[in-house]
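Welcome! Please take a moment to look over the sequence and the 3D view below, and then walk through the briefing that follows.

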Amino acid sequence: GEWGFRGGGVSTCATCDGFLFRDKPVVVVGGGDTAMEDALVLARTSSSVTVIHRGGTFRASHALASRVLAHPKITVLWNHTVAGFKGLDAAGTEGEEDFVPPRLTAVEVEPTEGTAGEKKRGGIEGAA
């Protein structure tokens, strides 16, 4: 689903593209070292960072996980997975991935950044 949003706000490199998301809320998907590093990089310039992780604990190193959990601009959605993307795709047309999850949490964001998938305007909807 995130491929339709590539080039229109979707990125997999926080260091390369983080400046594009200055003062905007972003989402990072994952729980390993790369996701933690991306969340910390994006927290420097973004208005807020939401980390979506499918588990109840991070797989990342204790040092990185501790820094993420202590950061005032970073919040974590535990035990969530991304079920779909909804918003404007790279061509500027309304796009949506089909899904039927058991329970949804909608996260409203402008662009989204992460190591597992993201999207431009609208929101990410995840099954808890």
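A residue counts as buried at under 20% relative accessible area, as exposed at over 50%, and as partly exposed in between, using a 1.4 Å probe and protein chains only. F58 is buried by this rule, with a relative accessible area of 12%.

This is a predicted model, in which local features need pLDDT of at least 70 and side-chain atom pairs count only at pLDDT 80 or more, while totals for chains, interfaces and linings use all residues. Residues are numbered from 1 along each chain as its sequence is written, and side-chain values use heavy atoms, leaving out hydrogens and water. Helices (H or I, at least four residues) and strands (E, at least two) are DSSP runs, numbered from the N terminus.

**The aromatic pair**

- The structure holds 1 aromatic pair; rings of Phe, Tyr and Trp (its six-membered ring) pair if their centres lie within 6.5 Å, and planes under 30 degrees apart count as stacked, over 60 as edge-to-face and the rest as tilted.
- The partners are F58 and W78, with ring centres 4.6 Å apart and planes at 45°, so the pair is tilted.
- F58 sits in the loop between β3 (48-52) and α3 (62-70), and W78 in the loop between β4 and β5, so the pair ties together parts that are 20 residues apart in sequence.
- W78 is partly exposed, at 29% relative accessibility.

- The axes of α2 (residues 33-43) and α3 come within 9 Å and cross at roughly 35°; axes are lines fitted to C-alpha atoms, for helices over the stretch in contact, and angles run from 0 to 180 degrees between N-to-C directions.
- The crossing of α2 and α3 is left-handed, a term used if the near helix is turned anticlockwise from the far one by less than a right angle (right-handed if clockwise).
- On the α2 side, D33, M36, E37, A39 and L40 meet L64, A65, R67 and V68 of α3, where contact means heavy atoms within 4.5 Å.
- The residues of this contact divide into 6 nonpolar, no polar and 3 charged; Ala, Val, Leu, Ile, Met, Phe, Trp, Tyr, Cys and Pro count as nonpolar, Asp, Glu, Lys and Arg as charged, and the others, Gly among them, as polar.

**Strand β3 and its surroundings**

- In β3, 4 of the 5 residues are buried, so this strand is largely enclosed by the rest of the structure.
- β2 and β3 pair in the parallel sense over 5 bridges; two strands pair if DSSP finds at least two bridges between them.
- V29 stands opposite I52 in β3.
- T50 also belongs to β3 and is buried, at 13% relative accessibility.
- From T50 to I74 the C-alpha distance is 5.8 Å, although they are 24 residues apart in sequence.
- S46, in the loop between α2 and β3, is buried with a relative accessible area of 1%.
- Leaving aside neighbours within four places in sequence, S46 is in contact with F21, D23, K24, V26 and K73.

- Most residues other than glycine have a negative phi.
- D23 has a positive phi of about 60° although it is not a glycine; D23 lies in the loop between α1 (14-17) and β2 (25-29) and is exposed, with a relative accessible area of 60%.
- N79, which is not a glycine either, has a positive phi of about 55°; N79 lies in the loop between β4 (74-77) and β5 (81-88) and is partly exposed, with a relative accessible area of 45%.
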